[in-house]
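Q: I am new to this structure and would like to learn how to read it. Could we go through it together, one feature at a time?

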Amino acid sequence: MKDSAMPANVPVLRIENIKKRFGDKEILKGVSFELNRGDIKAIIGPSGGGKSTLLHCINFLTLFDEGHVYLNGIEIDHANKRELYAYRQKVGMIFQDFNLFDHLSALQNVQIGLVRVKKIPKAEARERAVAELERVGLKEHMNKYPAELSGGQKQRVSIARALAMDPEVMLLDEPTSALDPELVGEVHSVIQKLAAGGMTMILVTHEIGFAGSLAKEIMFMDEGVIVEKGPPRKILYEASQARTREFCDKIIHFHHREDDQE
Amino acid sequence: MHFSITAGLKAVIEGLPYILGGVWVTLVVVVGALFMGLVLGTLLSIAHVYGNRVLRGLTGLYVWFFRGVPLLVLLFLFYFGLLGALHLDLSPFFVSIVVLGLISSAYQSQILRGAILSIPEGQLKAARAIGMSDTKAITFIILPQAFRLAIPGWSNEYTIIMKNSAVTYALGVAEIMARANHVAARTYQHFWLYLLAGFIFLILTYAGTKLLGLLQKRVAIKGYAR
Ligand SMILES: Nc1ncnc2c1ncn2[C@@H]1O[C@H](COP(=O)(O)OP(=O)(O)OP(=O)(O)O)[C@@H](O)[C@H]1O
Ligand SMILES: [Mg+2]
């Protein structure tokens, strides 16, 4: 195991007091948490609460105003470009709208990071890329271009692309919310497979059922703060904060109604 | 001067080899200018889209200048003005390529800027997220797509540069127009020789746009229509 080299008590990822404002609006008001190896934490909360901004900050795709990010106990200095690029490989990011490279085939989408970032020889990179696509069940579609793939397939390619970089943590920002309902399952099962393989993950989602089945902890985020966190059952059904209860009630009812219609 | 078809055709046929010799000159000027415009225009567009405020201001100024001043003025300014002031001795041919290239770079930077901006921003984010530097992301992700999107704009730019290249005759570049002019002055068959020159330009612009059209089809991304 990789983690034998690490002191067992150091979290893989720790973020400390992250604050971010856009203009005069404070979007993140000091967010902290940590993930141990294999932890899966879900973030839920109303739209505009800062969930995407938080994930972007963790990866330095958005630069925060205050706070610290640690990977395996070492603080990341984003001004050090080498360190930043190495860190980003370790923290895979999955976007709501896939963001595949449109001019590259599925295979090339996965291969390009290996060749251009990791500097692995083309043939070897290709082999690895094929293996990653096989892992998400897309080997037979590897020569298709993004425009020829369904939404579910695109998202699986984007997961393979991130996995190819050997991440230690995956950040997933509503990975299925842009998908037609019948395509959600295939992406969920890929994520479940990752979970079963021990991947450390942060999952932002509105699908509380999925979050509850996967995560050991759910964090409820609203207006730039983590209002409360705890085991799924507690957050979803016995939250201590009124805001959390209100949100969870609404979303649970909504889901039940959806289920009734099916 | 009388209008005679036989005399006109005779002048055209006799002058044809000499005038066609100018096609190569025109092509080298045009292709040279387009290539220089491409290299400079690409850098300018990147500076304009991804640069800080100072860079954006500078590229804006550059584009504004080269789009606003007439070609003939720039040719004279560079050839008679700048070279003299700098005590440089460069051929009109070379100066023409440079001036047309500078102007084209201004236009091409705008074509490419539009193309770059039409690529979904998420792709740059995704490239960064797998550990690419911005330079790599622009080189391997953004530009390959932007270049494809820019081909129709280039096609247009090609015809404009092709037509404008005729103005370089004013510096004495021995291109199509200069040669047609030369034969016309000798034979007094201006109508027929300028018609011939126009016809040659027409073929060159047509062939170029056709070629770029083929290129566009060839490099089109599968399943992709934008
Ligand atoms: N680049 C930006 N500039 C200005 N404001 C921004 C920017 N990005 C996000 N915001 C604002 O920050 C707030 C939080 O946005 P964010 O996308 O993080 O919310 P979210 O919790 O992910 O919402 P959703 O559930 O809709 O995805 C919103 O009010 C949004 O308008
Ligand atoms: Mg969001």
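Q: How far is an oxygen atom of ligand 1 from an N or O atom in the side chain of A:S47?
A: Start with the general idea: a polar contact is a pair of N or O atoms within 3.5 Å; within protein, one must be able to donate a hydrogen and the other to accept it, and residues adjacent in sequence count only if both atoms are side-chain atoms. Here, the side chain of A:S47 has an N or O atom 2.5 Å from an oxygen atom of ligand 1. A:K51 places a polar side-chain atom 2.8 Å from an oxygen atom of ligand 1, and for A:G50 a backbone N or O atom is 3.0 Å from such an oxygen.

Q: What should I know about the model and its numbering?
A: This is a predicted model, in which local features need pLDDT of at least 70 and side-chain atom pairs count only at pLDDT 80 or more, while totals for chains, interfaces and linings use all residues. Residues are numbered from 1 along each chain as its sequence is written, chains are lettered from A and ligands numbered from 1 in the order in which they are written, and side-chain values use heavy atoms, leaving out hydrogens and water.

Q: Which residues come nearest to ligand 1?
A: A residue is near a molecule if one of its heavy atoms lies within 4 Å of it. Of the 13 residues around ligand 1, the nearest are A:S47, A:G48, A:K51, A:S52 and A:T53.

Q: Which element gives the most to the shell around ligand 1?
A: Elements are DSSP runs numbered from the N terminus: helices (H or I, at least four residues) and strands (E, at least two). In this case α1(A) gives the most, with three residues.

Q: How many helices and strands does chain B have?
A: Chain B has eight helices and zero strands. Its C-alpha trace spans about 75 × 50 × 25 Å along the principal axes.

Q: At what angle do helix α4 and helix α6 of chain B pack?
A: Axes are lines fitted to C-alpha atoms, for helices over the stretch in contact, and angles run from 0 to 180 degrees between N-to-C directions. Helix α4 (residues 92-117) and helix α6 (residues 134-164) of chain B pack at about 145°, and their axes are 8 Å apart.

Q: Which residues of α4(B) meet α6(B)?
A: Contact means heavy atoms within 4.5 Å. Among those in α4(B) are B:L100, B:S104 and B:Y107, while the α6(B) side includes B:I142, B:F147 and B:W154.
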